[in-house]
Amino acid sequence: MKFIIVITILIVGTYQLMPMPKQYIKGSKSMKIINKCGIQFTNAQQYPEHVIELLRHYHQLMTSKNQCNFEMSLNFNLKNQGALKFHISLQNDEQLYWVNKTQQEAYILKIDEYLNIQIDAHNHWGLARALDTVHQLTENDKIEFLPLIIEDEPAYTYRGVMVDTARHFLPLKTLERTIDALAINKMNVMHWHITDDESFPLLLTNYSRITHTSKYSENEYYTKSDVSYLIEYASIRGVQIIPEIDSPAHVQSWGRNISDLENIILNCGSSVKQYGQFDPTLDLTYEVVKSVLQDLSDMFSKVQFVHFGGDEAIKSCYNQRPSIQEFMNKNGIADYIELQTYYRQRQKNIWKNEIKSKKRIAYWYNKDDKLPAEDDDIIHWWGSTEELELVSNRTNDFILSDYHPLYLDIGVGNAFGNPYQTYQTWKDIYKWTPKAPEGFKGKIIGGEAPLWGETNNENTHFQRLFIRSSILGDTLWNPFSKQSEKFYEFADRLGQMEDRMNKYGFPVSPFTHDYCKRHTKICFPILYTEQEQSVEQQHKFKEL
Amino acid sequence: MIYIQFLLLVVNAIMPMPNQIIYGYYTVRISNICQIKFFSQQEFPNHIIQLLLHYHQLITYDEDCDFEESIQNINIKVDGALKFEISLESNEQLYWVKTTKEEAYELNIDENLNVRIKTSNHWGLARALDTVNQLTINNQIENLPIYINDEPQYIHRGVMIDTARNFLPVKLIKRTIDALVINKLNVLHWHITDDESFPLLLTNYSQITNNSKFWKDGYFTKEDIQDIIEYASIRGVQIIPEIDTPAHIYSWGRSFELTQIIIACDSDIQQYGQLDPTLDFTYEVLKSVMQDLNDMFAKVQFIHFGGNEASISCFEQKPSIKEFMDQNGIKNYFDLQVYYIGVFKLFNKLTFQQITYFIKHLFLYRKRQKDIWKNQIKSQKKIIYWYNKQHQLPADQEDIIQWCGQSNELQDIKLKTNPIILSDYDLLSLDIGIGDSFGDPDDFYQSWKDVYSWVPKLAEDFNGQLLGAEALLWGYTNTRNTHFQKLFLRSSILGDILWNSNSKTSEQFWQFTQRLSEMEDRMNKYRFPVSPFTSGYCKSQTQVCFPYFYIIQQNQTGKT
């Protein structure tokens, strides 16, 4: 005989979800989930495979402490008291590899006092977000404030992080786990900076020697089936993969120690020749580029768009080869900006007209990148928000990756152990919101926190990514929640996210010590303004 | 362009570098890795068996070898197997060593894989075994025959960990000891308690522990302590426990009976506390805590009493302090701070009566604390105190000074004749640079190159006796998730310097980074999740990336 214990909450409480839902209406009852394994997904027979896999994932998370049988949850329609009963209704059963409207991730969630959970969503991406919310609500084996209705929708459609597998190889497992970590933060993009000067860990078809010559050890590269697996894995969880093959700079690995390809690379760097840039005047360059892009198009056929990098091509590097100047003179190319434009046009021509890919292209931009962009190009802005003014007239879609505070790798020294910018703390990220300047003609589709890999490997990966990316996810899903809560309430939500991520084995960096985490009201009464902060700094001096 | 990779000879890639190496040209495969034998004229006592077991596990890490059969009373010659012949001057188990000679060793490895180790005791043996482990790569030893004569430069080579801001489990502390040992580091300074929590189970005042611990089992028992001290001793690591007073003790007062001994500091965030030095009850509690400390840590060499950051602002809350300020025309905190430092500078010239009220009490506190320790508890153990520019209470002759000030301020203590441990704030703090507990900026991160460029910078007329150094990992933003990442590889570099500071001058910078790179591999092999010091490419191409030591490395591009 099982008892349902209903406790009425007298005080007015709030949910501590991260990110916070757009709106909710709540009741006053609390219900224990006494039958954890009795979890049911009604009418599961009609779900397609990718939805079943998503349910399996959240079933595992919700019953992580118990040994519950997932198949049982699908196959029996018993009325289990004290168990969660899901009734899921999707407008669209199709498997999606990306979404480009916030409505596609919207959901309506209703939970009654009998633990009936009604989820209405557009497709499995919206379902993933709804399941995450249910998962957060049920963490302590009870649900509070029943009955409840949540209507939720993200503010931005693009909410992501960037990982870099060129400076250090990251095992496939680490990438999978990264996707899992993103999903429980309702983040939906993993931008994958696959290759760089240091290595090219993607197995190519015609130029596999690029991969094999530059890989760090025998098996440290990704195959086509690894890629397909990862894209599937991400899609099921409502995460899109954006692959990046950076060129024309950051390409030394394409020709290092490969006799017939050495010529396409200009080696740059005054004392340490470890950076490479394409010679954009050689036909061979485009032959190789075409083959690599063909592989990219084939392997990543299911993704929404590709990233061509395009950053940091250095003038002085072109200078070293006189034939380049000759070529420019002959072809009426006035300067290096035009030379890069020339490269970019030929690259794009290959992509659109030879490979015939319809995928849009993202490029890195900051204030120094003056290259023209076509209308459907996506501008990945790594300058500051203030500097967006300089590109006010561009009408492109924008992804924001402000150097400060969204670069997660800076502040702990560079690849040479030398100082490299200032570390951006979780509070710096908390203070950030996407802001378009007056008269800005572009469209900000979201933000992304890049984790460059010079000093990051699997040992430090989750520590660097989180808990800071969780805050970015919070901001991009719902930038308004911060205005309607006290700072300590935010810190509470953050503390719970830290616990949650630890529970699932993600070794994230703590945002504070354990005392402050448990006494957020004492430690984080308000977000100090700059002035108050300097008082605090004085205090710190005193304490030293 | 063709890069030729210059590999170091394994004998030249040891970290830290031995004092003297003579080597030949033979490479011998260890075809019989599991047949490893340990032989001695005398029977091995248990602590040495445990040490051998530890290194047996490391040397045969990827194999599944039986240790029991490796211990031999007779010297059996097995081909293709490491055969250790160990001779120790003393079989006694030591919990610390006092001289560098006690960690010195002589190591001979011949072409038949006979490994002869001559050393003073099991601490020296631990260092010798570590060298053998480093020489044994991919089941072979190169450059045989090898003769190594080695001795550390400094006796005190360590790290400090903090279990008060975030609790660290016993298992993690033991793993930290394991990590120290493969770096030939020999001190684990354990900052046990602080404002935030007191995770050491006390006898009479267990409510201090229970009211401040972060979760049910988040504290250390007497058995845990003994376990850790034994574990460390076997591996040649000494534990230095620290109970910090009279500041950093807010956690002591979180029960009704004990609130009175605490003066809570700070107006807006009430999370720092200082002991009220004017109450007798304070000393009653202190005595009991120190009795526990003495009982639990009976086997350690030193006790650390902290003694840092006692802030005057905290005493302001006592009316008598306010009175004092009014009387002396001191208007605000900064004046008081200036006055405070000034008084210390003049300390020797002042009469006792001239010493201000609060300094008198800080001084009195320290005197009473020491009196309890020496005369009531009757402990012989020496005491370590934190010192920096602001905090320089007079030290007794036998006190040990741990310097946590800036490198360029060391001259401030040049007249002190005490033994000194260096923990320069600017180069040896492993926690700074990534924000404080409030997510606010907190100084600058010290990269591995900063630690590399550290050397003890002593004034010429420095009077103290330099014992060595410690890298400090305060726990504000450190948990088990980040512990090894923050400690290493930077502490490996400190260990390298403290063992043999001359090696850096006799090698190219890329040779150093090659050694560092191999240490990174080694620590990864043994599952210590350390921070990488550079990219995968530079790590394998040290000569390309680190041709020599740049002051500011060129080729820093904007993004990455």
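Tutor: Strands (E, at least two residues) and helices (H or I, at least four) are DSSP runs, numbered from the N terminus. Ile149(A) is found in one such run, strand β7 (residues 142–152) of chain A. This is a predicted model, in which local features need pLDDT of at least 70, side-chain atom pairs count only at pLDDT 80 or more, and totals for chains, interfaces and linings use all residues. Residues are numbered from 1 along each chain as its sequence is written.

Student: Why is Ile149(A) called partly exposed?

Tutor: Buried means under 20% relative accessible area and exposed over 50%, with partly exposed in between (1.4 Å probe, protein chains only). Ile149(A) has a relative accessible area of 31%, so it is partly exposed.

Student: Which residues form a nonpolar patch on the surface with Ile149(A)?

Tutor: Ile25(A) and Ile108(A) do, and the three have about 240 Å² of accessible area together. Patches are made of residues with over 30% relative accessible area and no salt bridge; nonpolar side chains (Val, Leu, Ile, Met, Phe, Trp, Tyr) are joined within 5 Å, like charges within 9 Å. Areas come from the Shrake-Rupley method with a 1.4 Å probe.

Student: What makes Asp130(B) and Lys184(B) a salt bridge?

Tutor: The term requires a side-chain nitrogen of Lys or Arg within 4 Å of a carboxyl oxygen of Asp or Glu. The closest N and O atoms of Asp130(B) and Lys184(B) are 2.8 Å apart, and the pair forms a salt bridge.

Notes:
Chains lettered and ligands numbered in written order. Heavy atoms only, no water.
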